[in-house]
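Hi,

Here is the structure I promised to pass on. Have a look at it first, and then read my notes below.

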Amino acid sequence: KKHKFWETQPVGQFKDLGDSSLPEGPIEQPTPLSEVKQEPYNLPTPYEWITCDMDSDEMSNEVYALLTNNYVEDDESMFRFNYSKEFLLWALRPPGYYRSWHIGVRVKSSKKLVAFITGVPAKIRVRDTVVVMAEVNFLCVHKKLRSKRLAPVMIKEVTRRVHLENIWQAAYTAGVVLPTPITTCQYWHRSLNPKKLIDVGFSRLGARMTMSRTIKLYKLPDQTATPGFRKMEPHDVPAVTRLLRNYLKLFVVAPDFDEDDVEHWLLPKENVVDSYLVESPDTHEITDFCSFYTLPSSILGNQNHSTLKAAYSYYNVSTKTPLLQLMNDALIVAKKNDFDVFNALDVMHNETFLKELKFGPGDGKLHYYLYNYRLKHVLRSSELGLVLL
Ligand SMILES: COc1cccc(CC(=N)NC(=O)c2cccnc2OC2CCNCC2)c1
């Protein structure tokens, strides 16, 4: 039976699609904290819960190793996400985070970490309502423990711990269709190092194309084109917050970032997140912003290369510089920083530059979900202003 677990959860159900009598908003009301299950869910006998203190070097190393060997692979199992340790520390410790939402499962006897799931708090606006949600991510079960139905109990446990903090909604993504996507995004890739991408099988040589013609096709200038284009710095946080808050108003679902959020999520952090802005040379006004995060992938089974260095488009705002030119400058700095590929979803206004900047469509989709919050209609991907890690 498909979706045996999800049909028991307060999420949009396929059978409800089209029933426009159902109101937009929470599906279930909060329960009194005294009625939230106080003790953890039961795990199969050999396993126990562990709260993963990411401040512990030993624990964060174990989490890094579990994900490096067992996390999401592409459909052809040629690549596996290889989030760096410093990326995980950044992703899991935003303002207001809860250590108790960093949940591991380990073998009682060997103390070996075999599964992981996380939540971080986020203020998400849905139309005109700001809702404090958990962003749930990094659900990972060791390859040897798949099909033991561990994922449902891990999802129930992170939900229980989120409820204990009086938070009743969540946001998450998946490459698979579950009940019920609020939107489905197409992902796109822009080659920066086409020779390596072809060597490792990420890309294929186009018909009637030679390698040298392909390298020439994706060649980028050495320098960015926009006057005043520079790295974001700490003193830019207030202006970038204003710019980003104003821009994200355009979208149906988007983060409600304050200055502390912008400082955490968007200040450049080496090997984690890069962000640039355009400061008008004469007025010194911040008029545009672009950012991308660093998520390498392990290359499974290639003799010459072990890692694909990938940049993922994050938040971009253009008010003066054409988005096309701003994103081309992002490609130029990404290439200069040795990224092999620049990935983007067709969210926000990304569709306006993807084809023109020579992005090619990926072979999969990314579905977005809300837990315990119904939308009256599925969204166009361009109505989505939320990028998850
Ligand atoms: C190239 O290496 C890969 C390794 C594992 C999976 C995939 C395909 C894939 N599933 N890609 C995405 O989900 C994706 C494609 C473009 C932009 N963001 C994405 O996912 C983000 C956001 C969701 N969490 C993973 C990272 C590719």
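How many disulfides does the structure hold? It holds 0, where a disulfide is a pair of cysteine sulfur atoms within 2.5 Å. Please keep in mind that this is a predicted model, in which local features need pLDDT of at least 70, side-chain atom pairs count only at pLDDT 80 or more, and totals for chains, interfaces and linings use all residues. Residues are numbered from 1 along each chain as its sequence is written, and side-chain values use heavy atoms, with hydrogens and water left out.

Now to the ligand. Around it are 18 residues, of which Phe79, Tyr83, Tyr187, Ser297 and Leu389 come nearest; a residue counts as near if one of its heavy atoms lies within 4 Å. A polar side-chain atom of serine 297 is 2.8 Å from a ligand oxygen atom, and a polar backbone atom of leucine 389 lies 3.1 Å from a ligand nitrogen atom. On its own the ligand has 590 Å² of accessible area (Shrake-Rupley method, 1.4 Å probe), and the protein covers 91% of that 590 Å². The shell is made up of 14 nonpolar, 2 polar and 2 charged residues.

Best wishes

Conventions
A polar contact is a pair of N or O atoms within 3.5 Å; within protein, one must be able to donate a hydrogen and the other to accept it, and residues adjacent in sequence count only if both atoms are side-chain atoms. Ala, Val, Leu, Ile, Met, Phe, Trp, Tyr, Cys and Pro count as nonpolar, Asp, Glu, Lys and Arg as charged, and the others, Gly among them, as polar.
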